[in-house]
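Please find below some brief remarks on the model under review.

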Amino acid sequence: MLKYHVRGENIEITKAIREYIESKISKLEKYFSNKLEANVYANAKVYKNGTQKIEITVPMKGVTLRAEETNSDLYSAVDLVIDKLERQMRKYKTKINRKSREKGILAEALLTNELDGKEDLPLEFVKVKKVKASTMNKEEAILQMELIGHDFFVYTDEENNNVSIAYKRKDGKYGVIEVENK
């Protein structure tokens, strides 16, 4: 059973918007078993230029499904985000089924067997590359990333000596993922 938490930033969440978001998300329940209970967090934003963004997050045991979409029409953005989440769910279900077949047991999956005949292709690695994580600061890592023309760069952070990943965000800004060792 899904529980909905819908909120807005710079937009009033009207009854119509809430019902539309909840009805679209409720269609995703067909992918879950009856035993699953999850919270769904939907966040709608309106920017000064008039574009609207919807972010939907579904944290579950072992995995978090998350998608976001920006569009001039909030309802269109909701439709596009639901499509993204459906693809993620099918991919996750395929992964669970593959693992249970490999182990030779029937794993109790979080998702039901309903895929609408749309089986995702198995993951295929076409290249494995080994890199040396050079020690540097965040700014140097971003510079190196830009120099090689990639969207991310792996390095060892000189401040904490942990492996980190600098990446370019969709908005053109930069982010860093810091890997914590257990």
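1. A residue is termed buried when its relative accessible area is under 20%. The structure discussed here is a predicted model. With a relative accessibility of 9%, Leu-2 therefore counts as buried. Leu-2 belongs to strand 1, which covers residues 2-9. Although 24 residues separate Leu-2 from Ser-26 in sequence, their C-alpha atoms are 7.7 Å apart in space.

2. An open sheet is formed by four strands in the order 5-6-7-8, with mixed pairing. Strand 6 and strand 7 run antiparallel and are joined by five bridges. Phe-153 has Ala-166, in strand 7, as its bridge partner.

3. Helix 3 packs on this sheet, where it touches strand 5, strand 6, strand 7 and strand 8. The direction of helix 3 makes about 150° with that of strand 6.

4. Which residues of helix 3 (residues 138-148) are buried? They are Ala-141, Ile-142 and Met-145. Viewed down the helix axis, the buried residues of helix 3 fall within an arc of 100°, so they line one face of the helix. On the other side of helix 3, Glu-139, Leu-143 and Leu-147 are exposed.

5. At its start, a side-chain oxygen of Asn-137 comes to within 3.1 Å of the backbone nitrogen of Glu-139. After helix 3 comes Gly-149, which has a positive phi, near 75°.

Definitions and conventions. Residues are numbered from 1 along each chain as its sequence is written. This is a predicted model: local features need pLDDT of at least 70, side-chain atom pairs count only at pLDDT 80 or more; totals for chains, interfaces and linings use all residues. Side-chain values use heavy atoms; hydrogens and water are left out. Buried means under 20% relative accessible area, exposed over 50%, partly exposed in between (1.4 Å probe, protein chains only). Helices (H or I, at least four residues) and strands (E, at least two) are DSSP runs, numbered from the N terminus. The arc is that of the directions from the helix axis to the C-beta atoms. A polar contact is a pair of N or O atoms within 3.5 Å; within protein, one must be able to donate a hydrogen and the other to accept it, and residues adjacent in sequence count only if both atoms are side-chain atoms. Two strands pair if DSSP finds at least two bridges between them. Contact means heavy atoms within 4.5 Å. Axes are lines fitted to C-alpha atoms, for helices over the stretch in contact, and angles run from 0 to 180 degrees between N-to-C directions.
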